[in-house]
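Please keep the viewer at hand while you read.

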Amino acid sequence: MKTVHNFNAGPSILPREVFQQASAAILDYEGTGLSILELGHRTPTFESVLEEARNLVKELMGLGDEHEVLFLHGGASTQFLQVPMNLLGEQEMATYLDTGVWASKAIKEAKNFGKVDVIASSKEKNYNYIPKEFITAKTAKYLHITSNNTIYGTQWHDYSPVYEAGIPLVADMSSDILSKCLDFRKFDLIYAGAQKNIGAAGVTMVIIKKEILGSVERTIPTMLDYQQHIANGSMLNTPPVFAIYVCLLTLRWLKKQGGVTAIEKINEEKAGLLYQAIDNSGIFKGTAVKEDRSLMNVSFTAESEELEKEFLKVCKEENFIGVKGHRSVGGFRASIYNAMPLESVKIFSDFIKNFAQRKG
Ligand SMILES: *Cc1c(COP(=O)(O)O)cnc(C)c1O
């Protein structure tokens with residue numbers, strides 16, 4: 001097998017041992033003679049997978065009994081509508097921060113359910129920073145943020161303006177969940193598509209403080225009702241069994257690395273190496289404002305279109321996969337999620353340095 005360095009934004013790299021364990025479980029799940037793919041979901045075997053995954057999420061995030069962990073279908077994009085459907089009454093108002101395409105999609109969906117106040121936006125600068133000055137009405141039902149803006153490479157680092165809003169907090173953490181230390185208990189609802197930092201595509205993790213549910217009057221379809229999912233332990237229907245199992249393997253791996261505190265240090269080191277290589281290159285430039293740079297998605301451009309083409313070409317030759325930037329930003333983006341080895345980032349940083357030396 002050839003060695004590739006996978007910098008894709010999502011679905012993205014997972015730890016090697018997770019791929020190996022998941023492969024083995026497809027052939028024979030822990031000596032049962034059954035594949036994980038043919039395992040009944042209402043069996044003690046799968047219930048223990050779900051239970052362990054739930055408990056590991058709580059343990060790694062330092063959550064207590066007030067939070068419930070759900071594994072749902074539909075991607076983070078379904079949460080854009082499921083959140084307001086469950087939390088926002090028709091006459092009520094929710095506040096949103098517009099920090100990118102994903103945030104604005106969440107805003108669009110919320111408008112179908114109640115009033116939406118977009119209290120700050122960085123759109124005028126093509127979302128290259130995180131707006132930190134805003135006023136949140138105390139009467140708002142919740143404040144919605146996107147913790148890491150995958151496309152633009154910006155990330156919240158200082159949450160104090162968000163905490164100070166003093167209203168229930170909802171966060172789309174799809175691309176940085178479990179990558180850095182946070183007081184997760186301060187959040188009333190967190191959601192994340194698994195395919196970036198915690199597992200395979202097909203499952204979405206939703207973490208909810210139970211007390212915020214049950215206040216809207218509309219009829220919520222069963223499959224979209226958080227309370228129903230909680231009451232049925234994420235098993236209203238057949239859950240995405242395999243995707244949940246891959247999450248469990250990734251969560252076990254993360255715990256073995258030393259949990260969020262340990263992975264955060266490595267993530268900082270990885271991002272530090274890459275940003276340093278870019279900043280010192282003379283030909284590349286980071287696209288995000290420095291203080292808001294993401295530790296997960298490093299986006300940058302080259303000084304000319306010609307150089308960009310050439311860089312992409314040599315990246316391909318050297319098996320650096322997925323480094324082309326999103327079309328709305330251009331240039332390049334290296335996604336360096338939890339599972340991206342430090343070694344690969346070192347190799348890529350050196351590659352950037354050498355390329356710059358040759359071209360500068
Ligand atoms: C990828 C992404 C989404 C969309 O996730 P799906 O699971 O494909 O719906 C939403 N928000 C953020 C921040 C993302 O990075």
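The notes below cover the ligand site, then the salt bridges, and finally one loop glycine.

This is a predicted model, in which local features need pLDDT of at least 70, side-chain atom pairs count only at pLDDT 80 or more, and totals for chains, interfaces and linings use all residues. Residues are numbered from 1 along each chain as its sequence is written, and side-chain values use heavy atoms, with hydrogens and water left out.

**The ligand site**

Let us start with the ligand. Around the ligand there are 13 residues, where a residue counts as near if one of its heavy atoms lies within 4 Å of the molecule. The closest are Ser77, Thr150, Asp172, Gln195 and Lys196. Helix H3 (residues 75–87) supplies the largest share of this shell, 4 residues; helices (H or I, at least four residues) and strands (E, at least two) are DSSP runs numbered from the N terminus.

Ser77 places a polar side-chain atom 2.6 Å from an oxygen atom of the ligand. Lys196 also brings a polar side-chain atom to an oxygen atom of the ligand, at 2.7 Å. With Asp172, an N or O atom of the side chain is 2.6 Å from a nitrogen atom of the ligand.

How much of the ligand does the protein bury? Taken alone, the ligand exposes 390 Å², and the protein buries 87% of that; the areas come from the Shrake-Rupley method with a 1.4 Å probe, and for residues only the protein chains shown count as cover.

**Salt bridges**

In total, the structure holds 16 salt bridges, each being a side-chain nitrogen of Lys or Arg within 4 Å of a carboxyl oxygen of Asp or Glu. Three of them are listed here.

| Pair | N to O distance | Residues apart |
|---|---|---|
| Glu17 and Lys256 | 2.9 Å | 239 residues |
| Lys132 and Glu291 | 3.0 Å | 159 residues |
| Arg293 and Asp279 | 2.9 Å | 14 residues |

The Glu17 and Lys256 salt bridge links distant parts of the chain, with Glu17 in helix H1 (residues 16–27) and Lys256 in helix H7 (residues 241–257). Glu17 counts as partly exposed because its relative accessibility is 25%, while Lys256 counts as exposed because its value is 59%. The classes are buried under 20% relative accessible area, exposed over 50%, and partly exposed in between (1.4 Å probe, protein chains only).

Lys132 and Glu291 meet through their side chains, and both sit in loops: Lys132 between strand E4 (115–121) and strand E5 (143–146), Glu291 between strand E11 (284–286) and strand E12 (297–302). Lys132 is partly exposed at 31%, whereas Glu291 is exposed at 56%. Together with Asp292, Lys132 and Glu291 are linked in a network of salt bridges.

Arg293 and Asp279 also form a salt bridge; Arg293 lies in the loop between E11 and E12, and Asp279 in helix H8 (residues 259–279). Is Arg293 buried or exposed? Arg293 is buried, because its relative accessible area is 11%. Asp279, at 35% relative accessibility, counts as partly exposed.

**A loop glycine**

One last stop is Gly330, found in the loop between strand E13 (320–321) and strand E14 (332–335). Gly330 counts as partly exposed because its relative accessibility is 24%. The C-alpha atoms of Gly330 and Ile151 are separated by 9.9 Å, and these residues are 179 residues apart along the chain.

Terms used: Polar contact = N/O pair within 3.5 Å; in protein donor to acceptor, adjacent residues only side chain to side chain.
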